[in-house]
Amino acid sequence: MENKQIVTAGTSTGKWEEKYVRDAVKHLGDPEKFNFYIKEFERRFAEYVGTKYAIATVNGTGALHVGLLALGVGKGDEVILPNMTYVACANVATYTGATPVFVDIDYDGWCLDPESVKKAITKRTKAIMPVWMYGNVPDMRKIKEVAEDIPIIEDSCPAVGSYWRNKHAGTIGDIGCFSFQGAKILAIGEGGMLVTDNKKIYDEAKLLVDMYTTKEFWQSKIGYMYEMNNISAAIGLGQLEHIDSLLQKKANIYNWYAEELQEFYPMNLKPFDCLANYWMSSIITPNEAYRNELRKFLKSNNVDTRPFFYPLTMFDMYKKFKKYPTPNSYEIGLRGINLPSTVRLSRKEVKYVASLIKDFATHYANYS
C-alpha cells in the first residue's frame with residue numbers, strides 16, 4: 001500500500017454515465033436532442049433537492065455570480081460571507097461591483113456564524129452567503145432570523161446530499177448554488193447548478209446565463225456564457241442515478257476515520273437533527289506548524305491531503321476589507337486538514353492513513 005498514492009478526492013462512475021454520454025455524443029448538432037440532457041439534468045436535480053427551478057451552469061462560481069446579479073446586487077452594495085471559504089465566494093461579489101464583508105465562522109461547525117452576521121449588517125447589505133463548508137450544515141434557523149428580509153444565497157457547492165432538518169442544502173434561502181467540479185461527490189469535471197423557488201429570480205438568472213438573449217440572437221442586456229453543455233449534463237444525470245450509493249460511501253469513510261481518530265483530533269460534527277454529506281473527512285490539528293509537518297509526513301508516505309481554505313483577508317486583494325475580527329476563521333483555517341475522502345477508498349486504506357496520523361501524533365517531536 002505504501003507504493004500506491006492515496007488521493008484526497010474523486011468520484012466513481014457506473015453504467016449510466018457512459019450510456020448517457022454515448023447518446024449525447026450521437027446527437028451532437030441534432031436540433032431535436034442537442035440540449036436534451038441539460039433540460040433533463042435540471043429537471044431531475046430540482047426534483048432531487050426539492051425546488052421548483054434549476055439552471056445548469058458551467059461551474060459553481062458562475063451559478064453564484066448570476067445568483068447575486070439576479071438578486072439585484074451591484075455597485076455600492078455589500079455581501080456578507082464567511083472569511084474562511086473558497087475565494088470564489090468573495091470574487092463573485094466583486095464581479096458585481098459589490099463589497100465583500102468578511103465575518104467569522106462558528107468554531108465547531110466551520111460554517112457562517114449568525115452572531116457575526118448580525119454585527120455586520122448595514123443599510124448596504126444586499127445579500128448574505130452561508131457556505132456549507134465541506135458539506136457541513138450551517139445554523140440556517142439563526143441565519144434566517146438574523147437576515148430577516150435580506151436575501152440569502154447559499155453556497156451549497158459541496159453539499160449535494162446534506163440536509164438542514166428535512167430541507168436539502170440550497171433550498172432554505174432564496175437561491176442555492178452547487179458545484180460538480182471533479183473533486184465533488186456528484187462530479188462531472190466542471191459544472192454547477194442554481195436552484196430557487198422564486199420564478200422572478202429564475203427568469204432573470206436564466207437570461208443571464210444565456211447572454212441575456214430575449215429572442216433569436218437578440219440580447220437586451222449584458223449577459224454571460226454560463227450555460228452547461230449537453231455532454232457534461234449527461235455525465236451529471238448519470239451520477240445522479242447512483243448518488244445515494246456515493247453518499248453512503250462518504251458516510252462510511254467518515255465513520256471509519258472517526259473510529260480511529262476522533263479521540264486524537266476534533267473532526268466534522270454530526271449535527272443534531274441535520275445530515276451532513278461528509279464530502280471531506282477532516283481533522284483539526286493543534287497548530288499550523290503541526291498541520292504542515294503532518295501533511296509532509298503523509299505525503300512522504302504517498303498519502304495526499306488538502307489544507308483548509310485560507311482566511312480570505314490574508315490575500316492581498318482582500319486585506320483592505322478586513323473590518324471585523326474573525327479569530328475562528330484564522331484558527332480553524334490554518335489548522336485544518338482534509339483527509340483522503342474519495343469514494344474509491346477501502347476501509348483498509350482508511351485504517352492505513354489513520355495509523356500514520358496516530359504514529360505522527362505519538363512521535364511528533366521526531367518529525368518536526
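Arg-43 and Glu-40 both belong to helix α2 (residues 36-49), where they stand three residues apart, so about one helical turn separates them. The model is predicted. The two side chains form a salt bridge, with the closest N and O atoms 2.6 Å apart. Arg-43 is partly exposed at 43% relative accessibility, while Glu-40 has a relative accessible area of 19% and is buried. Because the limit for buried is under 20%, Glu-40 at 19% falls inside that class. The pair is also part of a network of salt bridges that links Glu-40, Arg-43 and Glu-47.

The count of salt bridges comes to 18. Among them is one between Arg-124 and Glu-78, whose closest N and O atoms lie 3.6 Å apart. This pair joins distant parts of the chain, 46 residues apart: Arg-124 sits in the loop between α5 (114-120) and β4 (125-128), and Glu-78 in strand β2 (residues 78-82). Arg-124 is partly exposed, whereas Glu-78 is buried.

Which helices hold Glu-260 and Lys-358? The two side chains meet in a salt bridge, 2.8 Å from N to O. Glu-260 lies in helix α9 (residues 243-261) and Lys-358 in helix α12 (residues 347-362), so that distant parts of the chain, 98 residues apart, are linked. Glu-260 is buried and Lys-358 is partly exposed.

| Salt bridge | Closest N to O | Relative accessible area, Arg or Lys | Relative accessible area, Glu |
|---|---|---|---|
| Arg-43 and Glu-40 | 2.6 Å | Arg-43, 43% | Glu-40, 19% |
| Arg-124 and Glu-78 | 3.6 Å | Arg-124, 39% | Glu-78, 8% |

Four strands make up an open sheet in the order β1-β9-β8-β5, and their pairing is mixed. β1 (53-57) and β5 (153-155) are the edge strands; each has a single partner strand, so one side of each has no neighbour in the sheet. From one strand to the next, the twist averages 20 degrees.

In general, strands of a sheet pair through backbone hydrogen bonds, in either a parallel or an antiparallel sense. Between β1 and strand β9 (residues 192-196) the sense is antiparallel, over five bridges. Ala-54 has Val-195 in β9 as its bridge partner. Helix α7 (residues 199-209) lies across β1, β8 (175-179) and β9, and runs at about 20 degrees to β1.

Key. Residues numbered from 1 in each chain as written. Predicted model: local features only at pLDDT ≥ 70, side-chain atom pairs only at ≥ 80, totals over all residues. Heavy atoms only, no water. Salt bridge = Lys/Arg side-chain N within 4 Å of Asp/Glu carboxyl O. Helix = DSSP H or I, 4+ residues; strand = E, 2+ residues; numbered from the N terminus. Buried < 20%, exposed > 50% of the residue type's maximum accessible area, 1.4 Å probe, protein only. Pairing = 2+ DSSP bridges. Axes fitted to C-alpha atoms, helices over the stretch in contact; angles between N-to-C directions. Contact = heavy atoms within 4.5 Å.
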